[in-house]
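Hi everyone, thanks for coming along.

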Amino acid sequence: MVGQLILGLSILVILHELGHFLAARAFGIKVDKFYLFFDAWNFSLFKFKYKDVEYGIGWLPLGGYVKIAGMIDESMDTEQLQGPPQPWEFRSKPAWQRLIVMLAGIFVNIMLGIFIFWMMTLKFGETYTPNAGLKYGIVPGPVGVKIGLRPGDQIYAVNGKPVLRFEDLTSSQVLLNHSVLNVLRGSQKLNIPVPSNILNDLSDGGTNGIDLFINRDPRFKFAIDSVMAGGNAQKAGLKSGDSILAVNNNRIDFYDQLQAQLLLDKGKQVQLTIKRGGNLLPLTSQVTPDGKLGFYATRPALKTVDYGFFASLPVGATMAWGTFTDDAKGLGKVFTGDVKFNKAVSGPVAIATMFGTDIDWIRFWRLVGVLSMVLAFTNLLPIPALDGGHSLFLLIEMIKGKPLSDKFLERAQIVGFVLLITLMVFVFGNDIVKQIGKH
């Protein structure tokens, strides 16, 4: 988990800083350092010099940086600024060139996110569950039940617009846009609004928070597709094609009912009523501590749409840009009070749990793509010490026609740095508190 986190963030940081580096060099600006992580107090784990640039890995894993000559940055090294401006310094270049240098890292992160989603779409296409074919409806989680949903409800539209893909029911379009769910319950049609503050409840579930709203799987009847070698299901005598009709004499019609019953009996032995062919068989099986028997169930049919090289680009770009706009909407909900700040933010601990304890390269690259867009959005915020803060000051300079004073920029940098450190401490603490709460 830690290895994937470090690898993923290292890729993002190096490419982000490479954007600043290449833009600076393109305009003839000297770059003194290029570092992954921070070499606080001039201590680094590894470094070397090539063509007057010091490359290295710092010991403080809080990001990375390029030190651009003649610029007031997070290093707070203002010694160069004491002398007259040099033609190869950042401060000597036109404001528009400096603005491009500041935005180059964000640009690279956006392009990386688009590229990853583009390649994922090209390789795997888009796979989804057609909503129209799900005659048994949904399985709401506790938050879904709280707002009025019931097992078996069929959500046929959102805000009057038909739902084509089951997965769209748990998308940001539903959760962030004050949506109204158009529900068919038996012969009755209902309109159930999604509360504007629903993310407060869902955030407590971490990576499984969506399941608190609506289970990622629809309600479906099932049979055993295959059993795990050496698992409890195989030991009990379960076979492919079997149907489980009851657990401890409790009737089972749908897969979610089986899951719920096994969670009640986790770690115990249970009596199963099995249908095999036209016969009913009683079997006894041990339930694992996490509520499993050890088999794969037949599931609703999925549909995959494949795209060619060029057709997959707009699809991938839309996915990437959706992540960016979702971050903006989420931040907006924090400012309006719909979402609590501690519920909205996640840090390295939470991100590490998203990568998981096993290596899944599809999940890894998908998450790196998401994080690349998140990093782009975060750096665009107009906070001193972030790229967005530097860019804001440059825009003010372009409007005023003269640069802001070095003294002001130094103080703004200090304020921004303190804000970021404070935020980082809060985010780390918030992650830890959430993890403790789960256990």
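Let's start with the second largest pocket: 26 residues line it, and Asn 215, Tyr 255, Gln 259, Leu 263 and Lys 292 lie nearest its centre. Before I go on, a word on where this comes from. This is a predicted model, where local features need pLDDT of at least 70 and side-chain atom pairs count only at pLDDT 80 or more, while totals for chains, interfaces and linings use all residues. Residues are numbered from 1 along each chain as its sequence is written, and side-chain values use heavy atoms, with hydrogens and water left out.

Now, what do I mean by a pocket? On a 1 Å grid over the protein atoms alone, a pocket is an open set of points with protein on both sides within 12 Å along at least five of seven lines, a cavity is a set of points where a 1.4 Å probe fits but cannot get out, and lining residues have an atom within 4 Å of a point. Points are joined across faces, edges and corners, and a volume is the space filled by probe spheres set on them.

So, back to our pocket. The second largest pocket has a volume of about 740 Å³. Which helix gives the most to its lining? That's α7, with 5 residues. Both α7 (255–264) and β15 (295–297) supply at least two lining residues each. Those labels are DSSP runs numbered from the N terminus: helices are H or I, at least four residues, and strands are E, at least two. By class, the lining has 13 nonpolar, 6 polar and 7 charged residues. Here Ala, Val, Leu, Ile, Met, Phe, Trp, Tyr, Cys and Pro count as nonpolar, Asp, Glu, Lys and Arg as charged, and the others, Gly among them, as polar.

The structure holds 1 cavity of 30 Å³ or more, and about 50 Å³ of space lies in the largest cavity.

Four strands make an open sheet in the order β12-β11-β13-β14, with antiparallel pairing. At the edges sit β12 (250–251) and β14 (279–286), each pairing on one side only. To count as a pair, two strands need at least two bridges between them in DSSP. Strands β11 (residues 243–247) and β13 (residues 269–276) have 4 bridges, and Ala 246 stands opposite Thr 273 in β13.

Now look at the loop between β11 and β12, where you'll find Asn 248 and Asn 249. Asn 248 has a positive phi, near 55°, though it's a residue other than glycine. Asn 249 isn't a glycine either, and its phi is positive too, about 70°. Are they buried or exposed? Asn 248 is partly exposed, because its relative accessibility is 28%, and Asn 249 counts as exposed at 74%. The cut-offs are under 20% relative accessible area for buried, over 50% for exposed, and partly exposed in between, with a 1.4 Å probe and protein chains only.

Last stop, a hairpin. Strand β2 (residues 44–50) pairs with β3 in the antiparallel sense over 6 bridges, and Ser 44 has Gly 58 as its bridge partner. There are 2 residues between the strands, and Lys 51 in the turn has a positive phi of about 50°.
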